[in-house]
Amino acid sequence: DDQIERERAAQRLSGGCCALAAVYLMGKFYVANAGDSRAIIIRNGEIIPMSREFTPETERQRLQFLAFLRPELLGKEFTHLEFPRRIQPKELGKKMLYRDQNMNGWAYKKIEEDDLKFPLIYGEGKKARVMATIGVTRGLGDHDLKVFSSNIHIKPFLSCFPEVRVYDLTQYEHCPDDVLVLGTDGLWDVTNDKEVAGVVMEVLTSYEPNDPCRYTMVAQELVVRSRGVLKERGWRLANDKLGSGDDISVFVIPLGGPGNYM
């Protein structure tokens, strides 16, 4: 992240990205995630999560705590408190549910002038945004990202530090159908872990266990199915729901057996 900051002027590059990395070292997989990509291990049909997504919702308390400690980062335009909905001026003096950086649940407070400011975190699910701008809270870059039509920098709220999970390959016997799947959010936006595992099993069983192409074909099938087919109403999945409109990158890595080419 520091290198991106140093080079952005010379390279004339802006923007940022999430990062998901898997490192194999001395019998163990180290999976590091910063952003909203996801990794899962499929072992003997069992799904083992190897990451979690970092979004404004999952990191609400971290973001609120930073804003509480450094209110100047909010530019006098935002409040670190969270409310179930936007507060209207006519509601001044009334009581409404709220959450701060120390709360998991909700409590009531009397609405004050500062509560009329735009919330630091607004929206739910995939629509949740930090300062109404960005939907992921960890990643690389975005040093120049600002709130629209303002001089408020968002970078202080974005972390480049990943969460690392470790999987010890020596603790289990792995067959050729046991794999590690890495995918960007474009895959997971339209499919869940169980559906991905189903595609993995379906494709792998159609190839010989010692065929190295079988893992590439699984990744290709996952991309194709999550993108869907281009129709008049846009990209559509087999069930006619919208296909993924985001970028889709998928890696399928064998964990053992004759198909292990690490």
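Biologist: Which side chain does the side chain of Lys109 join in a polar contact of 2.6 Å?
Modeller: The partner is Asp115; this is a predicted model, and in it the side chains of Lys109 and Asp115 make that polar contact.

Biologist: Where is Lys109 found?
Modeller: Lys109 belongs to strand β8, which covers residues 107-110.

Biologist: Is Lys109 buried or exposed?
Modeller: Lys109 has a relative accessibility of 15%, so the residue counts as buried. Leaving out residues up to four places away in sequence, Lys109 touches Leu81, Phe83, Lys94, Lys95, Met96, Tyr98 and Asp115.

Biologist: Let us turn to the whole chain. Into which domains is the protein chain divided?
Modeller: Domain 1 is made of 1-52 + 162-254, and domain 2 is 59-141. The contact between them takes 13 residues from domain 1 and six residues from domain 2.

Biologist: How far apart are the C-alpha centres of domain 1 and domain 2?
Modeller: Those centres lie 32 Å apart.

Biologist: What area is buried between domain 1 and domain 2?
Modeller: The buried area is about 790 Å², and carbon and sulfur atoms give 57% of that area.

Biologist: Why give an area for an interface?
Modeller: The accessible area lost when the parts come together is often used to state the size of an interface.

Biologist: How many salt bridges are there between domain 1 and domain 2?
Modeller: The count is three salt bridges. By class, the side of domain 1 that touches domain 2 has six nonpolar, three polar and four charged residues. Across the interface of domain 1 and domain 2, four residue pairs are in polar contact.

Biologist: Now a salt bridge by name. What is the N to O distance for Lys126 and Asp36?
Modeller: The distance is 3.9 Å, and the side chains of Lys126 and Asp36 meet there in a salt bridge.

Biologist: A new topic, then. Where is the place of Arg60, and is Arg60 buried or exposed?
Modeller: Arg60 is in helix α2, residues 60-69. Its relative accessible area is 8%, so Arg60 is buried. Not counting residues up to four places away in sequence, Arg60 touches Glu82, Arg99, Asp100, Met103, Asn104 and Ile121.

Biologist: And in which loop does Gly139 lie?
Modeller: Gly139 lies in the loop between β11 (129-130) and β12 (140-141). Gly139 counts as buried because its relative accessibility is 10%.

Biologist: What separates the C-alpha atoms of Gly139 and Leu158?
Modeller: The separation is 7.1 Å, although Gly139 and Leu158 are 19 residues apart along the chain. Beyond its neighbours within four places in sequence, Gly139 is in contact with residues including Asp1, Cys17 and Cys160.

Technical notes. Residues numbered from 1 in each chain as written. Predicted model: local features only at pLDDT ≥ 70, side-chain atom pairs only at ≥ 80, totals over all residues. Heavy atoms only, no water. Domains from an automatic or database assignment. Contact = heavy atoms within 4.5 Å. Buried area = accessible area lost by both parts, 1.4 Å probe. Salt bridge = Lys/Arg side-chain N within 4 Å of Asp/Glu carboxyl O. Polar contact = N/O pair within 3.5 Å; in protein donor to acceptor, adjacent residues only side chain to side chain. Nonpolar A, V, L, I, M, F, W, Y, C, P; charged D, E, K, R; others polar. Helix = DSSP H or I, 4+ residues; strand = E, 2+ residues; numbered from the N terminus. Buried < 20%, exposed > 50% of the residue type's maximum accessible area, 1.4 Å probe, protein only.
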